[in-house]
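Me: I would like to learn how to read a few features of a protein model, going slowly and one feature at a time. Could you take me through them?

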Amino acid sequence: MLTGSGFPSVVGFDLPGLHDGPAPARVIVSALLDATPGDDWMRTLDRLAWPALRLDHGVEQLRLVGQGIHFVGDIRDGRGLSAAVRELFDRVTAKVLAARMAALDVVGDEGRWVGPPSAPMLVSHDPRTDDVAALLALPALPALLALASRLTGMRFVAVARVTAERWTACAVHDLLGFGLQPGQDLVLETTICDEIRQHHRTVQFDQASIHPMFSTHPTPAMYGFESYLSVPMLRRDGSLFGTLCALDPNPSQLDAVSVTCFEVLAAWIGAQLDLEDASHVIDDQTPQTIRAALSAVAEQAARIAATAAPSSALHDTAQRIQALSMAGH
């Protein structure tokens with residue numbers, strides 16, 4: 001493949017393993033690249049990929065995550081798809097290179113060489129950028145995530161936007177060097193949050209390697225963690241925004257009250273997002289409903305703080321949530 005600025009080369013493929021039973025409904029084949037593609041390359045890929053990938057290989061979605069492009073769908077022949085993808089990438093690079101060379105023939109008004117106006121992205125606005133911005137706009141959130149890390153003893157804590165198609169980090173407290181930044185994705189199907197999206201329940205375990213269920217679950221092994229806690233963040237209408245999650249390579253020893261406090265923090269964040277939405281809606285009932293939710297959060301936090309040891313992580317986290325909830329209404 002031709003290489004250059006924004007022209008990625010395939011360094012390998014991550015193919016699904018063999019299955020003894022029926023094949024899963026959705027399979028991920030990942031093309032691992034030596035560079036992150038440019039916007040014009042991705043636009044051209046999206047234009048040339050369909051409908052051939054869908055008709056010939058069962059691909060339903062195409063996702064760029066870091067330096068990998070993930071093909072998701074009812075893929076029966078991963079090796080056949082990988083061969084087709086190599087050929088497709090060569091065509092994309094040739095098209096983009098030809099377009100860039102043609103741009104050299106365009107002369108500006110003052111005799112300067114200029115390129116043609118860049119084509120608009122196929123999706124003009126990604127709503128996830130609003131979700132990330134809304135979370136980053138909460139001034140108290142970084143300190144709260146640090147408290148949550150202290151509360152759980154887990155060195156990675158994040159708020160994630162989780163939809164039926166994407167897992168996107170919105171706010172991150174990372175003492176592990178995990179490397180995930182706000183706005184970046186993980187492949188949804190590789191996350192436990194994808195399961196939480198479906199059942200809306202908290203998932204917590206202290207040590208994956210000895211857990212009766214998660215010792216054989218692929219996610220802890222893939223991301224290298226032992227302890228984990230993830231809580232669904234629900235909106236006022238009951239829909240799922242995403243999760244508040246924490247993880248660490250070391251085992252933990254969380255008690256039920258600490259897990260409850262983490263859940264209360266998730267409820268506070270959800271209420272803040274509802275407040276942001278309400279600021280754009282003219283509805284007398286909406287602020288009252290959110291204020292009632294914040295009052296409930298404040299009461300829960302107060303009960304936890306009253307029973308916790310002074311200056312403990314549990315006490316400090318609950319007390320901070322209580323103060324912020326009371327200030328919010």
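Predicted model: local features only at pLDDT ≥ 70, side-chain atom pairs only at ≥ 80, totals over all residues.

Me: Which residues are the closest to the centre of the largest cavity, and about how much space lies in it?

Reply: The count comes to one cavity of 30 Å³ or more, and about 130 Å³ of space lies in the largest cavity. Among its 14 lining residues, those closest to the centre are Trp167, Leu186, Thr191, Tyr228 and Leu247.

Me: Turning to the open sheet of four strands, what is the order of its strands?

Reply: A sheet is read across its strands, and in this open sheet the order is β1-β2-β4-β3, with antiparallel pairing. The edge strands, each of which pairs on one side only, are β1 (10-14) and β3 (59-65), while the twist from one strand to the next averages 20 degrees.

Me: Over how many bridges do β1 and β2 pair, and which helix packs on the sheet?

Reply: The strands β1 and β2 (residues 27-33) pair in the antiparallel sense over four bridges, and glycine 12 has leucine 32 in β2 as its bridge partner. The helix that packs on the sheet is α1 (residues 39-49), which touches β3 and β4 (68-73) and whose direction makes about 170 degrees with that of β3.

Conventions. Residues numbered from 1 in each chain as written. Heavy atoms only, no water. Pairing = 2+ DSSP bridges. Helix = DSSP H or I, 4+ residues; strand = E, 2+ residues; numbered from the N terminus. Axes fitted to C-alpha atoms, helices over the stretch in contact; angles between N-to-C directions. Contact = heavy atoms within 4.5 Å. 1 Å grid on protein atoms, 1.4 Å probe; cavity = no way out; pocket = protein on both sides within 12 Å on 5 of 7 lines; lining within 4 Å. Points joined across faces, edges and corners; volume = space filled by probe spheres on them.
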